[in-house]
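Hi everyone, thanks for coming. Please have the sequence and the model open while I talk, and we'll walk through it together.

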Amino acid sequence: MKAFKWSERLIGRYLARNVFHRKSLVLCPNCNFTGYECDMLVVTQDLRIIDVEVKVSRADLRKDRVKDKWYHWWDMEIDGPYQPGGENKRRPREWPSKVWKHYYCMPASIWADCLVAEIPDVSGVLLMSEVNGQLVMRPVRHARPCRDAERLSPAAALDVARLANLRMWNAFDELDRAYDDFSRQRKLMGAQGA
C-alpha cells in the first residue's frame, strides 16, 4: 500500500475548508502581514489574527522555535540608546507580533509527546491523520490567547483580504501555466510518435 503524502497545501486546504471557514473573515496563505511569515494567517470575525504554522517534518518543527518571530530585538524604550558594537539584544517573546492565537498543525505521524518541550506553551497543537481516505484533525492542545494582541483596523483587514484575493489569482495563473506545459508536452509526445 502506498504511503500517504502530506504537504503544506493539503493541510492548509483542509484547515481552510473544515476548521477556520466559519470563524474567519479572511484566510491568507504564506502571509507576511505580521512582519514574519505565517503559513496561514486567519483574520477572525472580531478582527484578531490567528497564525497557523504547518509542519510536515520534525526537523521543520524544531527549526521554527529559533525564528525571529519568537524574539524581540533592540528596543529604545527597554534597551536605551543603541550602541554600535554593543551586545545584540535578543529576548524571547511569548507570542509572535500582532498574533492573538498561534497554532502548529502537522501530521500525527511526526508527532511525539517529547516535542511538547520544543513548542511554546501558548501555542496550540493540531494533528492531522488520514482515516479511510478522509482527513481528520485532532487538537492536542488549544492555543492560549494573547490578551495584549490588538484587533486589526477595518482598513488593515481589507489589506489582508486584498492580498488573499491576489494570491487566488496568482494560483489561477500557476494552474494555467501548468496546464499549458502539460498540453505542450502531450503535443510533443504525439509528434514524436507520428
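Let's begin with S3, which is mostly covered: six of its six residues are buried. By buried I mean under 20% relative accessible area, with exposed being over 50% and partly exposed in between, using a 1.4 Å probe and protein chains only. Strands here are DSSP runs (E, at least two residues) and helices likewise (H or I, at least four), numbered from the N terminus.

Before going on, a word on the source: this is a predicted model, where local features need pLDDT of at least 70 and side-chain atom pairs count only at pLDDT 80 or more, while totals for chains, interfaces and linings use all residues. Residues are numbered from 1 along each chain as its sequence is written, and side-chain values use heavy atoms, with hydrogens and water left out.

Back to S3. Which residues of S3 lie on each side? Ile49, Asp51 and Glu53 are on one side, Ile50, Val52 and Val54 are on the other, and all of them are buried.

Now the neighbours. Strands count as paired if DSSP finds at least two bridges between them. S2 and S3 run antiparallel and are joined by four bridges; Leu41, for one, has Asp51 in S3 as its bridge partner. S3 and S6, in contrast, run parallel, with five bridges joining them, and here Val54 stands opposite Cys105 in S6.

The hairpin of S2 and S3 has four residues between the strands, and Leu47 takes a positive phi near 65° there. In that loop between S2 and S3 you will also find Arg48. Is Arg48 buried or exposed? Arg48 is buried, at 14% relative accessible area. Its side chain makes a polar contact with the side chain of Asp46, at 3.3 Å. For that term, we need a pair of N or O atoms within 3.5 Å; within protein, one must be able to donate a hydrogen and the other to accept it, and residues adjacent in sequence count only if both atoms are side-chain atoms. Contact in general means heavy atoms within 4.5 Å. Leaving aside neighbours within four places in sequence, Arg48 is in contact with Val42, Val43, Trp100, Ala149 and Arg151.

**The cores**

A nonpolar core is a set of buried Ala, Val, Leu, Ile, Met, Phe, Trp, Tyr and Cys residues joined through side-chain atoms within 4.5 Å. The largest one has 22 residues, and those touching the most other members are Ile11, Leu15, Phe20, Ile50, Val52 and Cys105. At least two residues each come from helix H1 (8-18) and strands S2 (38-44), S3 (49-54), S6 (101-107) and S7 (124-131). H1 gives the largest share, four residues. Apart from this core lies another, of 14 residues, including Val26, Cys31, Leu47 and Val99.

How many disulfides does the structure hold? Zero, taking a disulfide as a pair of cysteine sulfur atoms within 2.5 Å. For Cys28, the nearest cysteine sulfur is that of Cys31, 4.1 Å away. Cys28 is buried, at 0% relative accessible area.

Finally, Lys98 is not a glycine, yet has a positive phi of about 70°. Lys98 sits in the loop between S5 (91-92) and S6 and is partly exposed at 45%. Asn132, also not a glycine, has a positive phi of about 50°; Asn132 is in the loop between S7 and S8 (134-141) and is exposed at 77%.
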